[in-house]
Amino acid sequence: MTRPTVVSVYVPLCSERCAFCDCLTIPSTLRDVVRYREALLAEIDAVAPGLEGQRVEAVRFAGGVPLLMGGAGVAEVLFRLRRRLQVADDAEVTVETVPGKVDEHNLRLFAQIGVNRLEFGLATLVQAEHVRLRCPGVYGQIHEHDALRRHLGPSDWGVELMYGLPGQTLSTWEETVGKALALDPPHVSVDRMRRPARAKDGQEEDGEALAALRGHAVARLREAGYAEYVVDRFAKPGCASRHVELTYAGADEVGLGAGARSLVGGYSYRNVDDVPTYLACSADPERVVKDVAVVDDVARDLLAAARGVSCAAGFAPGRSTAGPQDGPARAAGAAGGASRRACALEACLDSLVRHGWAHKDAAGAYRLTDEGAFHKDEAYRALGACLAGI
């Protein structure tokens, strides 16, 4: 029996570093590009034997700027995935990019190799902000790319917007949202910039102002006909990301590249985030993987609850984790434990409802409200705390 799986390929290559970025990145020198691509190919070969029975339904190239590997580099990694893993013929294949980093050659190549979805990172569409924050790509080229994309495909694409940028105001955010919606993208992601634990300016985040930024975007998107199928992910009918949907539905996740995280076969782990170490040992899973942990019943229930309340369908507690392979006594014990966890989760979810962070529908399913979506990290921590005491 095959298991649905998603693959995320992390490519930390960058030609410039945004003023607000604290992601893992390395320069895109020719030497680094070649070495990183070879390391990814070696890692795919190394992990493939342990992924038998996994059916890959979606692949996402994220970064950084994956296209700094070149279109041929993306193609080589994708071909290796298809040769070594069971990748569905109709798999969703997404490449993240930024203005100025995709051209006609790339789009024609994507049509040939099966890249059927693009996501453009648009931190800001205000020229003064773009320059001040040293955002990647060339300001304004999104319009040129959109014309090329409409001519050459793919038809499935989205934009990623970010609020909470240094110096961003409601006025500049409104301008960015308006310009993004004028492009009429099928999919829009709205992400909050996370400040480092010790921000250089020493200032605290203004939660009320940040909530107003998100609230403006949500209202505009809903007015334009977008549905929030997962918290902070908006799509027109039929245009939701399969990678996102499968992840929130509980599919196994395989992360490739430095710092990538995985959740496969009841285990969670992540790759080393030191790029030189990753380059040296990507072919040896025992050296490249760290923080391996068993996903026990408690962690599984917590993950299901956190993902469920973040989805449009919501989360209904109470499902038993006992499987058909368990013996009667073990199954009864597992069912009893599941029942206690379900009761604890429901009590916690009810407290979120009282706090205004969640809503319970007539069918008994819980879903985060707009306020709860803004405070989703705190809501997830509350769910974790209620289970930790069981």
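1. Helix H2 has as its buried residues Gly71, Gly73, Val74, Ala75, Val77, Leu78, Arg80 and Leu81. Buried stands for under 20% relative accessible area, exposed for over 50%, and partly exposed for in between, with a 1.4 Å probe and protein chains only. Helices (H or I, at least four residues) and strands (E, at least two) are DSSP runs numbered from the N terminus. The cover over the buried residues of H2 includes strand E1 (3-11), H1, strand E4 (54-63), strand E5 (86-97), helix H3 (104-113) and strand E11 (252-256). H2 spans residues 71-84, 14 residues, and its first and last C-alpha lie 20 Å apart, close to the 20 Å expected at 1.5 Å a residue; the expected span is 1.5 Å times one less than the number of residues.

2. The model is predicted: local features need pLDDT of at least 70, side-chain atom pairs count only at pLDDT 80 or more, and totals for chains, interfaces and linings use all residues. Residues are numbered from 1 along each chain as its sequence is written, and side-chain values use heavy atoms, with hydrogens and water left out.

3. On confidence, the protein chain has an average pLDDT of 88, and 90% of the residues score at least 70; pLDDT is the predictor's confidence in each residue, from 0 to 100. Residues 320-333 have pLDDT below 50, and this stretch has 11 contacts in the model beyond near neighbours in sequence. Contact means heavy atoms within 4.5 Å.

4. The largest nonpolar core has 74 residues, of which Val9, Leu40, Phe61, Val77, Leu81, Phe110 and Tyr278 touch the most other members. Such a core is a set of buried Ala, Val, Leu, Ile, Met, Phe, Trp, Tyr and Cys residues joined through side-chain atoms within 4.5 Å. Helix H1 (residues 30-47) contributes the most to this core, with six residues. Another core, of 17 residues, lies apart from it and has Phe315, Leu345, Cys348 and Cys386 among its members.

5. Beyond its neighbours within four places in sequence, Tyr278 contacts residues including Tyr36, Ala39, Leu40, Glu43 and Val288. Three aromatic pairs are found in the whole structure. Rings of Phe, Tyr and Trp (its six-membered ring) pair if their centres lie within 6.5 Å; planes under 30 degrees apart count as stacked, over 60 as edge-to-face and the rest as tilted. Tyr36 and Tyr278 are a tilted pair because their ring centres are 5.6 Å apart and their planes stand at 40°. Tyr36 is in helix H1 and Tyr278 in helix H9 (residues 275-281), so the pair ties together parts 242 residues apart in sequence. Both Tyr36 and Tyr278 are buried.

6. Tyr163 and Trp173 make up a tilted aromatic pair, at 5.8 Å centre to centre and 55° between the planes. Tyr163 belongs to strand E7 (residues 156-163) and Trp173 to helix H6 (residues 170-182). Tyr163 counts as buried at 2% relative accessibility, and Trp173 at 0%.

7. His187 is located in strand E8 (residues 187-192) and is buried, with a relative accessible area of 0%. Its side chain makes a polar contact with that of Arg117 (3.5 Å). A polar contact is a pair of N or O atoms within 3.5 Å; within protein, one must be able to donate a hydrogen and the other to accept it, and residues adjacent in sequence count only if both atoms are side-chain atoms.

8. Most residues other than glycine have a negative phi. Asp184, not a glycine, has a positive phi of about 60°; this residue sits in the loop between H6 and E8 and is partly exposed at 46% relative accessible area. Asp291, also not a glycine, has a positive phi of about 55°. Asp291 lies in strand E14 (residues 289-294) and is partly exposed at 48%.
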